[in-house]
Amino acid sequence: MSTSRVLISRCHRDTRQQATHIPTRTDEDELEGDEGTPLLVGERDVGVTEECEGSPLLRKEKNQNKYKQSEGDTMILGDKLHVVTVITAIYVPVSFIITYAIAVSNGHVEAGFPYISDTGTLPPESCIFGQLLNFGALIAAWNVYIRYKQIKATYLPVNRRGILRANTVAFILGLLTATGVSIVGNFQETNVIVVHIIGAFMAFGIGALYCFVQTGMSLKMPEVPGSTPFINKIRILLCVLDTVFFILTFSGTASSGIGNHIYHMRWASSEPGYAEHLVATISEWLMAIFIVMFFVTFYKEFRKFRLTSPQVVFDIKPEIGCDQLNHTEILGTEYVGQNNTGTSGSFP
C-alpha cells in the first residue's frame with residue numbers, strides 16, 4: 001500500500017461528486033479496494049498529480065494489487081536480472097570458440113592463439129563471427145542498461161548528483177563499448193582495416209575505461225544492495241589486469257611487425273616477431289575474458305533489483321475538454337485530464 005496520499009483541492013469537490021462511479025472522499029479519507037481493503041491513492045499509482053481548473057485529476061478506483069509489480073508488468077528476465085550476467089559469461093566465450101574452430105578447421109588460422117579478429121576474417125566464419133558479435137553487443141548493452149537503471153533507481157531519490165553524473169558517463173562509455181564490439185564483427189581487417197581498428201579500440205580501450213568508472217563508483221556506493229568489499233576488490237583486480245593486457249596487446253602487435261603480415265594469418269614459430277605476436281594474441285584473449293568477468297561481478301547486485309515494462313504516455317489534443325477526459329479509457333487503462341492539455345498513464 002502506498003504511504004503517500006494525494007490531496008485533492010477542495011475547489012474540485014463539487015465536480016468530483018458529479019462522477020457517480022467515483023467515490024467522494026475528504027482529503028483524509030481512504031478509497032476502498034474491490035474487496036473492501038483500504039486503498040490509498042499515491043503518487044506512484046496516479047502518476048502526475050496536478051490540478052486542472054475544470055476537473056480534478058482522478059484515476060478510476062483500482063484494487064491495490066493492480067499497481068503492484070506483477071508478472072505482466074515485468075520485462076523479459078526483469079525479475080531475474082542476474083541471469084543476464086550468466087548469459088554474458090557463457091555466450092561470449094562460446095562465440096569465440098565457434099568461429100575459432102571453424103577457422104582452424106578450414107586452415108585459415110593457426111591453432112596456436114590467433115587474434116580473435118583473425119578467426120572471423122575469411123568466409124564462411126566471417127559471416128558467423130559478425131552475427132555472433134552483433135548479438136554479443138546487444139547483450140553487453142543490456143548489462144550496461146541494467147546497471148545504469150539500477151544506480152539511478154538507488155541514488156535519484158536522495159539526489160546524489162556526483163554518482164548520477166558518473167552513472168551517465170558510464171552508461172555512454174558502455175554503449176560505445178558495445179558499439180565497438182559490433183564494428184569489430186562487421187568490418188573485417190582485410191576489408192576495412194581502419195574502421196576495424198577503431199572498433200577494437202572502442203571495444204577494449206573504452207571498455208577498460210568503463211570498468212574503471214564502474215569500479216570507482218562501486219567504492220562510493222556501499223549502499224547498493226548486493227555490493228560487498230570483496231566484489232569491489234575483484235573489480236579493482238580485473239581493471240588492473242585489463243590495463244596490463246591492453247598495453248601488452250598493442251605493444252606486442254606493434255613490435256611483431258604486424259604491418260608485414262596484415263593479410264598473413266598463419267604464423268610459423270620460425271618467423272621473425274612470432275614471440276611478440278604470441279604475447280599480443282594471448283593478451284587479447286585474456287583481455288576479452290577479463291572484461292566479460294567484470295560484467296559477471298554484477299551478478300549479486302542484479303539479484304536485488306528488477307525491471308518493469310516501460311510506461312506509455314498518450315498526448316490528447318487540446319480541443320478535447322477535461323470533462324471528456326475524466327473517464328476516458330484507452331486499452332483498459334483510465335486516463336485523466338490535465339487542464340485540457342492531455343492525459344498520461346500506463347498499460348495495466
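The dialogue below takes up the features one by one.

Reply: Let us begin with the basis. This is a predicted model, in which local features need pLDDT of at least 70 and side-chain atom pairs count only at pLDDT 80 or more, while totals for chains, interfaces and linings use all residues. Residues are numbered from 1 along each chain as its sequence is written, and side-chain values use heavy atoms, with hydrogens and water left out.

Me: How many helices and strands does the chain have?

Reply: Helices (H or I, at least four residues) and strands (E, at least two) are DSSP runs, numbered from the N terminus. Here the chain has 10 helices and four strands. Along the sequence their pattern is α-β-β-α-α-α-α-α-α-α-α-α-β-β.

Me: What percentage of the residues of the chain count as buried?

Reply: Buried means under 20% relative accessible area, exposed means over 50%, and partly exposed lies in between (1.4 Å probe, protein chains only). Of the 348 residues, 43% count as buried. Accessible areas come from the Shrake-Rupley method with a 1.4 Å probe; for residues, only the protein chains shown count as cover. The accessible surface of the chain comes to about 18100 Å², and 62% of this belongs to carbon and sulfur atoms.

Me: Which residues are linked in a network of salt bridges?

Reply: A salt bridge is a side-chain nitrogen of Lys or Arg within 4 Å of a carboxyl oxygen of Asp or Glu. The structure holds two salt bridges, and the network links R147, R235 and E301. In one of them, E301 pairs with R147, with the closest N and O atoms 3.3 Å apart. Since E301 lies in helix α9 (residues 299-302) and R147 in helix α4 (residues 125-155), the pair ties together parts that are 154 residues apart in sequence. R235 and E301 also meet through their side chains, at 2.3 Å from N to O. R235 lies in helix α7 (residues 229-255) and E301 in helix α9, so this pair ties together parts that are 66 residues apart in sequence.

Me: Is R235 buried or exposed?

Reply: R235 counts as buried, at 0% relative accessibility. E301 is buried too, with a relative accessible area of 1%, and R147 is likewise buried.

Me: How many aromatic pairs does the structure hold?

Reply: Rings of Phe, Tyr and Trp (its six-membered ring) pair if their centres lie within 6.5 Å; planes under 30 degrees apart count as stacked, over 60 as edge-to-face and the rest as tilted. The structure holds nine aromatic pairs. The rings of Y148 and F171 have centres 4.4 Å apart and planes at 25°, so this pair is stacked. It links distant parts of the chain, with Y148 in helix α4 and F171 in helix α5 (residues 161-186), 23 residues apart. A tilted pair is formed by F246 and F250, with 4.7 Å from centre to centre and 50° between the planes. Because F246 and F250 are four residues apart in helix α7, about one helical turn separates them. Ring pairs also link Y210, F294, F295, F298 and F302 into a cluster.

Me: Which residues make the nonpolar surface patch?

Reply: Patches are made of residues with over 30% relative accessible area and no salt bridge; like charges are joined within 9 Å, and nonpolar side chains (Val, Leu, Ile, Met, Phe, Trp, Tyr) within 5 Å. In this structure V86, I90, V94, I98, I128, V296 and Y299 make a nonpolar patch of about 500 Å². Helix α3 (residues 82-105) gives the largest share of the patch, four residues. V86 lies in helix α3 and is partly exposed, with a relative accessible area of 36%.

Me: Where do backbone angles call for a closer look?

Reply: Most residues other than glycine have a negative phi, and most peptide bonds are trans. In the loop between α3 and α4, F113 has a positive phi near 55°. F113 counts as partly exposed, at 41% relative accessibility. N159, in the loop between α4 and α5, has a positive phi of about 60°. The peptide bond from P123 to P124 is cis, with omega near 10°, and P124 lies in the loop between α3 and α4.
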